[in-house]
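This report goes through a few local features of one protein model. Please keep the sequence and the 3D view open while reading.

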Amino acid sequence: MRPGFILERLRRSVFSIRMLLVLIIWFFMMDLYLSGYREYVMSLGEKDTIVILPFLQNGFYFTKTILLGSICFFSDIPFMQRDEMYCLARLGRKKWGYSNLIVIACSGVILSLLLFLLSILQVLPVGRLQNDWGSVFHSFAVWKNDLALGLEINYAAMYAYTPFQLAVRVLIVDALAFTFLGMLLYTVSLCFSRMAAYAAAVIVVFLPSIIAKFPQYSLLSYSPFSWIEPANWRYEGNLDCPDMVYICIRFLLLIFLLAVVAQGRIKKVDWKEKENQH
């Protein structure tokens, strides 16, 4: 594998129209959710922690927006455009496939970091760098007025973790979720077609919403994208929910299985046939 090839692929992905479009969508979605929160904090004359993303990700429309945006970012998958033939010829199918897997994993980490940075920018006027939940979040715990401001504060998460501890966990889970989504699109598009990959990704993204309609079956822990919502993590008293170890292992296992299938398919795929499909 050539590091230069991987870095160049990442550079083209990060500095692309797709990335710009995703960041704009995410930014305005956050602004819509956080405008009420900013006005409320300003009216109090207070400042609180800049860690707000974990509570944004408890929102139905917000989580769907960031995941659908990431599908848009990975829209060039499976990287079988005509100019890739030169890279394939130089690297060979096996190394070319490994390079694609590394690019997808690195992209997942980059998307997670950018999402977190955007959330910080949104609350920077009313936030400060502190590793404790301040008076604003404690007032939410007392008055329960977070939903009126467009947030869904998870009080169990507040009591279990400091802001920085919760932020690290959200960054890890988001990076794994974005990587899994990219790997799903990549593998399905190699095995079938790009349209089939989009359909599979959308189904998996909305699967938590479908499962939530049948709470009596306790199936939420089996839905990967339900894990990006801190409200669905295990805290004291909710033993039906997955803990961080379970979430990370399941994501890594799913990513590994998809990578194995993709590498197996790379050896057999007909480049000309796939190029015509994409």
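## A proline in a loop

P224 lies in the loop between α10 (194-211) and α11 (244-266). Helices here are DSSP runs of H or I with at least four residues, strands are runs of E with at least two, and both are numbered from the N terminus. The model is predicted, so local features need pLDDT of at least 70 and side-chain atom pairs count only at pLDDT 80 or more, while totals for chains, interfaces and linings use all residues. Residues are numbered from 1 along each chain as its sequence is written, and side-chain values use heavy atoms, with hydrogens and water left out.

Is P224 buried or exposed? P224 has 8% relative accessibility and counts as buried (buried is under 20% relative accessible area, exposed is over 50%, and partly exposed is in between, with a 1.4 Å probe and protein chains only). Leaving aside residues up to four places away in sequence, P224 touches F180, F251 and L254, where contact means heavy atoms within 4.5 Å. From P224 to L254 there are 30 residues in sequence and 9.2 Å in space, C-alpha to C-alpha.

The axes of helix α6 (residues 93-123) and α11 come within 9 Å and cross at roughly 150°. Axes are lines fitted to C-alpha atoms, for helices over the stretch in contact, and angles between N-to-C directions run from 0 to 180 degrees. The two helices α6 and α11 are therefore roughly antiparallel (over 145 degrees; under 35 is roughly parallel, 65 to 115 roughly perpendicular, and the rest oblique).

On the α6 side, R93, K94, W96, G97, Y98 and L101 meet A259, Q263 and I266 of α11. This contact of α6 with α11 has five nonpolar, two polar and two charged residues. Ala, Val, Leu, Ile, Met, Phe, Trp, Tyr, Cys and Pro count as nonpolar, Asp, Glu, Lys and Arg as charged, and the others, Gly among them, as polar.

## Salt bridges

A salt bridge is a side-chain nitrogen of Lys or Arg within 4 Å of a carboxyl oxygen of Asp or Glu. By this rule there are three.

R11 pairs with E8, with the closest N and O atoms 2.7 Å apart. These two residues, R11 and E8, are separated by about one helical turn because they are three residues apart in helix α1 (residues 3-14).

D76 and R18 form a salt bridge at 3.4 Å, N to O. This pair links distant parts of the chain, 58 residues apart: D76 is in the loop between α4 (60-73) and α5 (84-91), and R18 is in helix α2 (residues 17-44).
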